[in-house]
Amino acid sequence: MTQQSPAPSITPPVPQPESDFYWEKCKEHEFWLRHCKECDQTYFYPRDICPGCFSRNTEWIKTNGRAVVHTFCIVHRAPVPSFRDKVPYVPAIVEFEGGARMATNLVEVEADPSVIKCGMEVEVVFEDLDEKISLPQFRPIS
Ligand SMILES: [Zn+2]
């Protein structure tokens with residue numbers, strides 16, 4: 001029998017100048033996206049220049065925190081030791097109204113492919129990691 005040391009902690013995201021506003025709003029448990037006024041698309045990750053049409057005519061918009069599952073997988077074997085206590089977990093790409101897609105985790109759902117469906121509606125929930133970072137994740141809308 002082997003003894004395992006505790007899993008190393010997971011390093012929280014480090015805000016960058018362009019994403020400070022995004023993380024400040026996450027801390028307030030609000031989910032904001034960037035929106036391009038030229039091509040009327042939302043996008044993620046937050047940045048001043050639209051990745052669709054390269055316009056700088058962009059703005060922040062407050063969302064209702066709802067999205068649909070675009071795709072997902074279920075991780076049973078941790079890729080690095082710090083995720084050892086998290087398995088099984090469900091990384092996913094969720095899609096918002098306006099087209100933005102975001103990599104995230106599905107939470108409060110059984111890690112079972114017969115339960116999770118592409119196209120299912122999800123809503124944001126925030127995990128308060130530290131005094132600066134509240135991590136947005138998504139759970140099924142029941
Ligand atoms: Zn655009």
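What we have is a predicted model, in which local features need pLDDT of at least 70 and side-chain atom pairs count only at pLDDT 80 or more, while totals for chains, interfaces and linings use all residues. Residues are numbered from 1 along each chain as its sequence is written.

The chain has one helix and eight strands, where helices (H or I, at least four residues) and strands (E, at least two) are DSSP runs numbered from the N terminus, and along the sequence the order reads α-β-β-β-β-β-β-β-β. Along the principal axes, the C-alpha atoms fill a box of roughly 60 × 35 × 25 Å.

Let me turn to strand E4, residues 66-72, which pairs with strand E7, residues 121-128, in the antiparallel sense over three bridges; pairing here requires that DSSP finds at least two bridges between the strands. Within that pairing, Ala 67 stands opposite Val 122 of E7. E4 is also joined to strand E5, residues 90-95, by four bridges, again antiparallel, and there Val 68 has Glu 95 as its bridge partner.

In the loop between E4 and E5 we find Pro 88. Why is Pro 88 classed as exposed? Pro 88 is exposed because 12 other C-beta atoms lie within 10 Å, and the cut-offs call a residue exposed at 12 or fewer, buried at 20 or more and partly exposed in between, with C-beta atoms placed from the backbone. Although Pro 88 and Val 75 are 13 residues apart in sequence, their C-alpha atoms are 5.3 Å apart in space.
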